Amino acid sequence: MQDFCSSEEYNQRPTWDEYFLMLAKLAATRSTCLAFPVGAVIVKNKQVVATGYNGSPSGSAHCTTQGYCYPGLSSCDASKILPSRAVHAEANAIAQAAKYGISTESASIYVTLEPCLSCLKLIISAGIKEVFYETSFNSGEKALVRDSFIKEGLVTINQVQLSEAIATKAAASLLGSTSIST
Ligand SMILES: [Zn+2]
Ligand SMILES: [Zn+2]
């Protein structure tokens, strides 16, 4: 009889960081503003308390249905004058927590893209203490401001990555039957 649990790789479980990053990546697939499909997950005591993704304000037309942020644009970030209509994933997750009365005090947030400064300020003011992100975003002056917040002890910011083995296993789970091998 074949021992289907014998493969070391098959039995490998994601770390907590990988687990929450994967959930943030799944949230990003719901993004409706197309410039940056970003997902965010707020975590407290290893429990997900809120999720968010980039998109126009709740109830407003989706960029995906009206043709980018404004009709006639060739992409959401094509206009030099018109501002993006998107509420960022982190802001949406914090707004979701506020809407349902869930405390974000001392929570962590996992994001697929390093938070912009506006979101980072919001994260700090919401009492979120740890940021984990996959892809870097801030540079130059913005990175300096970010680093000053870290230096002040307001927040910690760490880059996290999925291992190839976990990503491969997750992709196979998404593509096929997850719970019963076929
Ligand atoms: Zn847009
Ligand atoms: Zn942002």
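**View 1. β3, helix α5 (residues 117-125) and β4 form a right-handed β-α-β unit.** Right-handed means that, with the strands pointing away from the viewer, the path from the first strand over the helix to the second runs clockwise. Helices (H or I, at least four residues) and strands (E, at least two) are DSSP runs, numbered from the N terminus. This is a predicted model: local features need pLDDT of at least 70, side-chain atom pairs count only at pLDDT 80 or more, and totals for chains, interfaces and linings use all residues. Residues are numbered from 1 along each chain as its sequence is written.

View 2. Pairing requires at least two DSSP bridges between two strands. β3 pairs with strand β4 (residues 130-135) in the parallel sense, over five bridges. There, Leu113 has Thr135 of β4 as its bridge partner. With strand β1 (residues 39-44), β3 pairs in the antiparallel sense over four bridges. Ile109 in β3 stands opposite Ile42.

View 3. Ala35 is partly exposed, because 16 other C-beta atoms lie within 10 Å; the class spans counts between 12 or fewer (exposed) and 20 or more (buried). Beyond neighbours within four places in sequence, Ala35 is in contact (C-beta atoms, placed from the backbone, within 7 Å) with Ser75, Cys76, Asp77 and Ser84. The C-alpha atoms of Ala35 and Cys63 are separated by 9.8 Å.

Methods. Chains are lettered from A and ligands numbered from 1 in the order in which they are written. Two residues are in contact if their C-beta atoms, placed from the backbone, lie within 7 Å.
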